[in-house]
Amino acid sequence: MEHIRHAFNCFAQDYDRQREHIIPDLRQFYGTAVWAAESDKPEPEILDIGAGTGLFSAYLLEKFPEAHLTLIDIAENMLEMAHQRFTGREHTEYIVRDYSSGELGGPYDIVCSALSIHHLEPEDKRRLFVRIYTALRPGGMFVNADQADGETPYFHERYLEYWNDFLETGPMSAEQHAEILKRRDTLDKNEKLSDQLAWLKEAGFPDVDVVYRNRTFIVTVARKGGTP
């Protein structure tokens, strides 16, 4: 994970500015993830895994303004940006930690993540889903806005073509474009959506579904059984 920490520390300042030019239909992507997050509590305990600059958390706080928020990320520069975003906000904790193996804490009402877990190796993803299940209260939700590979080589290539076309039509310079492709080709480890859903069920979640897909970009939701 050290190479991931280094990479994200290096471009923390530019992360938010580039998002809408990197992720197609960014607002619908995040908006669906926020819609999927549910809690009956006015002050839910929320864990944001791979929280980065706090972008996803900021969207969630529009729905749950009184939430108790914990942000975990391996890149300290990214979390510093989150700290600046939420300066003065109470009930907000920042933890610099490798969440692929480090303690998650809890229990939480909602665990969320955006564009982070796809950087892990397959077995680390599977183990993380189990650990998230354990960290949730009964009835708790896990919402993952992330990336997925195509189910076949044909769709793998089609999705890459779509993404490349989107990047090329944006306002970024050739140098920025090349840097994005380099990060994607070296850091991304996308799994098939079918595998991710199977691993969530294997982890113990009885309610699992995909609520959004735009080629590579997905939002999956898993609900832990029991009464909150």
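Me: What makes up the protein chain in terms of helices and strands?
Reply: The protein chain has 9 helices and 7 strands. Helices (H or I, at least four residues) and strands (E, at least two) are DSSP runs, numbered from the N terminus. The model is predicted, with residues numbered from 1 along each chain as its sequence is written, and local features need pLDDT of at least 70. Side-chain atom pairs count only at pLDDT 80 or more, while totals for chains, interfaces and linings use all residues, and side-chain values use heavy atoms, leaving out hydrogens and water.

Me: How do you know whether the radius of gyration of the protein chain agrees with that of a compact globule?
Reply: The radius is taken over C-alpha atoms, and the globule rule is 2.2 Å times the number of residues to the power 0.38. For 228 residues a compact globule would come near 17 Å, and the protein chain has 17 Å, so the two agree. The C-alpha trace spans about 50 × 40 × 30 Å along its principal axes.

Me: What makes strand 3 and strand 6 edge strands?
Reply: The open sheet has 7 strands in the order 3-2-1-4-5-7-6, with mixed pairing. Strand 3 (92-96) and strand 6 (207-214) each have a single partner strand, so one side of each has no neighbour in the sheet. From one strand to the next, the twist averages 15 degrees.

Me: What makes strand 6 and strand 7 a pair, and in which sense do they run?
Reply: They have 7 bridges in the antiparallel sense. N214 stands opposite F217 in strand 7. The hairpin has 2 residues between the strands, and R215 takes a positive phi near 55 degrees there.

Me: What is the phi of L115, and is the residue buried or exposed?
Reply: Phi of L115 is near 55 degrees, a positive value in a residue other than glycine. L115 lies in the loop between strand 4 and helix 6 (122-135). Its relative accessible area is 5%, so L115 is buried.

Me: Why is the pair of Y133 and F205 called edge-to-face?
Reply: Rings of Phe, Tyr and Trp (its six-membered ring) pair if their centres lie within 6.5 Å; planes under 30 degrees apart count as stacked, over 60 as edge-to-face and the rest as tilted. A search of the whole structure finds 11 aromatic pairs. The centres of Y133 and F205 are 5.0 Å apart and the planes stand at 90 degrees, so this pair is edge-to-face. The pair links distant parts of the chain, with Y133 in helix 6 and F205 in the loop between helix 9 (193-203) and strand 6, 72 residues apart. Y133, at 23%, is partly exposed, whereas F205, at 2%, is buried.

Me: What makes F155 and Y159 a tilted pair?
Reply: Their centres are 5.9 Å apart, with 40 degrees between the planes. F155 has 36% relative accessibility and is partly exposed; Y159 has 16% and is buried.

Key:
Pairing = 2+ DSSP bridges. Axes fitted to C-alpha atoms, helices over the stretch in contact; angles between N-to-C directions. Buried < 20%, exposed > 50% of the residue type's maximum accessible area, 1.4 Å probe, protein only.
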